[in-house]
Amino acid sequence: MPGSGRRRRLGREAGGDGADRRGPGRRRRGKPVGAGKILFAPQSARASFTRDATTSIDAEGRYRIELKGFASGPDRQAATGPLRFLALAAGHRPGLGQIEPGPGPTDVQIRLTPEPWRETVFRFVDRRGGPVGDVDVDVLIGRKLVWETLKSGRDGRCRVAMAAGSGYSIEARSKDHLPTSVGFRGVADDPMEVAIPLSDPIRGRVVDPEGRPQPGIQVGRLIAPNYNADAPGDQLPLVLYEMQGSDEPAKLDAEGRFDLRPAIHLDSRSLDASGSFRTWLQPLCFADEALRRVAFLGFDPSDVKPAYEVVVKPARRVLIPLEHEVASPSGKIEVWWEISALLGAGGPRESIFVMSGVVDPQPAEGERLEAYWPEGRYRLTVHSADPVAEKGLEETTIEIVVPPGDGPLTLPTLRLTSLPQRKLMGQPAPEIEARDLDTGEPVKLADFRGKVVVLDFWGYWCGPCIGSMPRLMEVHDRFKDRQVVVLAVHDQSVRTRDEYDRKLAGVKHNVWGDRELPFRVALDGPDPAVGEGDSTIGRGVSCDRYKVVYFPTTYVIGADGKVLGPADAREPGRLEAMLEEQLGKTSPR
């Protein structure tokens, strides 16, 4: 196992029916639970279950695992300290708990309660809606942990059972279609049958503007910096990434033809009321090795054409001088950019994210963005951050047009503007427009004037939001007898208490330890800009007023009603420190 640290050996029986274990093989009632898995992870909202820390339950209900500093979380650091665990066995309610391993072997008894699992029928269909049989299906839990492997029947159907409220994903492979993965949140009111579209392979040829085949072109999913972990300060050249399960781009044949099988990723948030998926354009990037002849293709997975003709054109050198509105507190600054190619009318269903890069931190001619883009319309976003404080500073988005031609193109100076969240700091907090989850009565920030407010924007569909709630519970418990209020505003995708309970029933047990949120929960008001048929995920009047783009987003509002700034509840101690500092300023002396 990766990482280092003290050895931890765990072992015991997984009991059923409230069994009381007093040693291997002894029980008062119930029977052993077999054919399951137990997953371990550090006690951190950012840590995830991994293959390194997973063991199986045998037919006698016993398990054993040695954890030797396994790595977990986005930083892949060795795990130390307390561990949390999740026990999954078919037909039983997931078992949750926490342990503090000692220097020697540790026996942990896990008692599981019988509870039927929710069954979902997945129906695989081709572009004409016909069934696709013989699809190999992996059911995954945690991060790439295979729970079971299935195969669809001749009617294109397979059945997956999973504990209510447990998130999982499936990966489908068919020899005649693109590999497709789908993530599910395990929400109680998800459709009982889901149609998963399988796309045809992407075929066609690449030509130059005169129609001549271009065999020297490569194709990938994204053009991005080639990050060098051994020399992170170096200038990062752009390279073409990812195709067909590899980090490397794909190559065309001698006639410039391609036959591609890029992986398609779907999410249950894009399911409509009928149990069918809404699909979005997927990007493909075509370029020579020098990235000086480039083309972008957007294809709809639900309507793949029999053949595509892609025309690569010279990429022009684009120069954009930059100015900053916000100074970096540390004196150091990182700037990076992202572009989406705008196709057709350029609406949200006609744009594809194709390229990103960094700005040279020590430019000889003054700070400027320099890149090579072919003719076309683009949406450009430029970000800046303080790398020492690890805080975002600025973000600006504009649309640009690169006209035909082959010479350098210098665009007007782009002035980066402060992040919307930073602009709120020190200003009176915008009033929210929401209603209490239980009473339906309006909830206003004005109701809490004189208290420090932790205002958290979240949604049932957001994994980090769900995972950070136990931390917010800890903050509430610590400060509940002081002048602090935690207020959680759920986006407009939930409208009633019944709907809220259905969507979060499994989460309450699997993540929150069967605890209701102990603080005030409000449902955001409907955003009038949301049209009929549009997704309500991440939308709401209050979300819009606070410029919420990422979930969760948490603000601290002072007793005087002014925004102190954003905070991340998932960073241990950070939110508590902000609250203690503010309470120290407002406490009577």
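The largest nonpolar core holds 55 residues, and Trp458, Leu487, Trp512 and Tyr546 have the most contacts inside it. A nonpolar core here is a set of buried Ala, Val, Leu, Ile, Met, Phe, Trp, Tyr and Cys residues joined through side-chain atoms within 4.5 Å; buried means under 20% relative accessible area with a 1.4 Å probe, protein chains only. This is a predicted model: local features need pLDDT of at least 70, side-chain atom pairs count only at pLDDT 80 or more, and totals for chains, interfaces and linings use all residues. Residues are numbered from 1 along each chain as its sequence is written, and side-chain values use heavy atoms, without hydrogens and water.

- Elements giving two or more residues to the 55-residue core include β38 (452-458), α2 (463-479), β39 (484-490) and α5 (574-586). Helices (H or I, at least four residues) and strands (E, at least two) are DSSP runs, numbered from the N terminus.
- Helix α2 supplies the largest share, 7 residues.
- Another core, of 51 residues, lies apart; Phe124, Val137, Ile217 and Ala295 are among its members.

**Around Leu487**
- Beyond its neighbours within four places in sequence, Leu487 is in contact (heavy atoms within 4.5 Å) with residues including Ile432, Phe448, Asp456 and Arg520.

**A three-stranded sheet**
- The order β23-β18-β27 makes an open sheet of 3 strands with mixed pairing. Strands pair if DSSP finds at least two bridges between them.
- Strands β23 (257-260) and β27 (308-311) are the edges, each pairing on one side only.
- β18 (residues 202-207) runs antiparallel to β23, over 4 bridges.
- Arg203 has Asp259 of β23 as its bridge partner.

Terms used
Buried means under 20% relative accessible area, exposed over 50%, partly exposed in between (1.4 Å probe, protein chains only).
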